[in-house]
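Subject: Structure for your files

Hello,

Here is the structure I said I would pass on. My notes follow below it.

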Amino acid sequence: MGEKLIVTPSPHIKSPRTVKGVMLGVVISLLPACVGAVVLFGMNALLILITSVVSAVVAEALWQRATKQEITVGDFSAVITGLLLAMTLPPGVPLYVPAVGSVFAIVIAKQIFGGLGSNFVNPALAGRAFVLAAWPMSVAGAWLNPLTHDAVSSPTPLAVLKGGGTNIPGLWDLLIGNRTGSLGETSIILLLLGGLFLLVTKIIDWRTPVGFLGTLFVGTWIFGKPGALFQGDGLSAILLGGAVLGAFFMATDYVTSPVTPKGRLIFGIGAGLVTLLIRLWGGYPEGVTYGILFMNLMTPIIDRFVVPKYYGYEHDARARKSAEGKR
Amino acid sequence: MKRSLLHEFTKGFIEENATFRMVIGMCPTLAVTTSVKNGFWMGVAVIFVLTFSNVFVSLLRKMIPDQIRIPIFVILIATPVVIVELLMRAYLPAMYEILGVFVPLIVVNCIIIARAEAFAYKESVLRSFLDGLGIGAGFTCNLMIIGGIREFLGTGQIALGSFVFPSVKLFEPLVVMLTPPGGFMTLGLLMAILNIAVARSAQKKAH
């Protein structure tokens, strides 16, 4: 995507920012959480991360070679897909899971639709949804204890919360990531660090994550406790599961989210809402993946209806009417 | 210029392939193709109904009034469907259990009414017979290919009667391939591959 065409509302000021630069920024922002995952879950996590990234890059290069396209693995987008996919997987999955997931993400979800910029859903999430549907037992049941790395048979905190239990880790453990969960979703502090970096460098817009997490927080606060309103545990809801990871790193994907600021806010709120619905009343304990994937599909509709006002146009119907009357 | 009789039969496989080129008859294609065996028997049922209805529509084509041809087609199609359904219930009860409602639903299968309307209503009995056989056989092949891919990936093995290949599972089966999303993905990818192949051969012919 070395094109000079920038698809955003006016004004069309060209910035020195390139695809490669943005992607590199995202990789840097993901690194703390990846290191955290390796510290928490050990060699297993490292192997999953490496397998996932290598398969994603190799799949992209091979596909582009086979279809005689320019090979663009140098732009780091495949690296991000691999990293994000690995971060959504439980640390105890067999290594074929990230490998197949990455290949699916790159070939089926991204390249078949035309490669970077043309995919209609987030490739990493599509890969995760695929492996979760393909091997439900080995993907949804491969949790490890942080630090001790023992296999865990008890449900994740999110599943506990869904079952109506209250026995979830304390706030500090949730923040540093001392709990069972997917590779890259547990350490909230490190994820926020990366997210903050993206916000400060203006790679992502604050509206999407704020809309997403805000909706989840308020929604859980209102409806989270069965039988009573306004008593749910909203804070745990956003700290548990993949909400922070999804809100900062996946819902903000340029290709699959709206281009206008208002559209991004709608996207975030919508993704939060679907996540909330699945978590509270759906069949799965976690709904971030499907929330974002669902809104990915809504993105063209949002972009179509949320059109910014053109500069110089009259804002309001009354003004237009009076102008017509004068004529 | 009339096309050759052989062509009336062979066109059902690639050129006028019901599933991948005309994109009709999608309902059984997606619903029952979880194994080669299911695909085969569904295909056999369709071949029987299609050939029967084509022949009778063609035989009666000069007597059927234009204005009420569709209801008459439906009756001519429903007859063999009932025959197939009763035969399957009697001799293949296990298969009938699996295919279930999709056997009676052949009556509204687009392939059959499309061939009656677009082909048998205008052509001779022999041509209609060959057309029904060919389109039906092509459709059966599609169902068996889709079924084969989904069965192999979804269960790790392909079972044909007592013959099972490969005898040991080489990988952890991908359950998703047996579910509707797996069906859609297989169908879409196969359609893309066939479209590329047809486009390439057309390009070659043009040169």
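In this predicted model, helix α3 (residues 36–59) of chain B packs against helix α6 (residues 110–120) of chain B at an angle of about 30 degrees, and their axes are 10 Å apart. Angles under 35 degrees count as roughly parallel, so α3(B) and α6(B) are roughly parallel to each other. Their crossing is right-handed. On the α3(B) side, the contact is made by B:Val49, B:Leu50, B:Ser53, B:Asn54, B:Val57 and B:Ser58, and on the α6(B) side by B:Ile111, B:Ile112, B:Arg115, B:Ala116 and B:Ala120. By type, the residues of this contact are 7 nonpolar, 3 polar and 1 charged.

Next, the interface between the chains. Contacts join 7 residues of chain B to 9 residues of chain A. About 630 Å² is buried between chain B and chain A, and carbon and sulfur atoms give 82% of that area. Within chain B, the residues that lose the most area to chain A are B:Glu172, B:Leu174 and B:Val176, which together make up 54% of what that side buries.

One residue of chain A is also worth a note. A:Asn296 lies in helix α14 (residues 288–305) of chain A. Its relative accessibility is 2%, and the cut-off for buried is under 20%, so A:Asn296 counts as buried. Apart from neighbours within four places in sequence, A:Asn296 is in contact with A:Phe120, A:Val121, A:Asn122, A:Thr256 and A:Phe267.

Regards

Note on methods:
Residues numbered from 1 in each chain as written. Chains lettered and ligands numbered in written order. Predicted model: local features only at pLDDT ≥ 70, side-chain atom pairs only at ≥ 80, totals over all residues. Heavy atoms only, no water. Axes fitted to C-alpha atoms, helices over the stretch in contact; angles between N-to-C directions. Helix = DSSP H or I, 4+ residues; strand = E, 2+ residues; numbered from the N terminus. Parallel < 35°, antiparallel > 145°, perpendicular 65-115°, else oblique. Left-handed = near helix turned anticlockwise from the far one by under 90°. Contact = heavy atoms within 4.5 Å. Nonpolar A, V, L, I, M, F, W, Y, C, P; charged D, E, K, R; others polar. Buried < 20%, exposed > 50% of the residue type's maximum accessible area, 1.4 Å probe, protein only. Buried area = accessible area lost by both parts, 1.4 Å probe.
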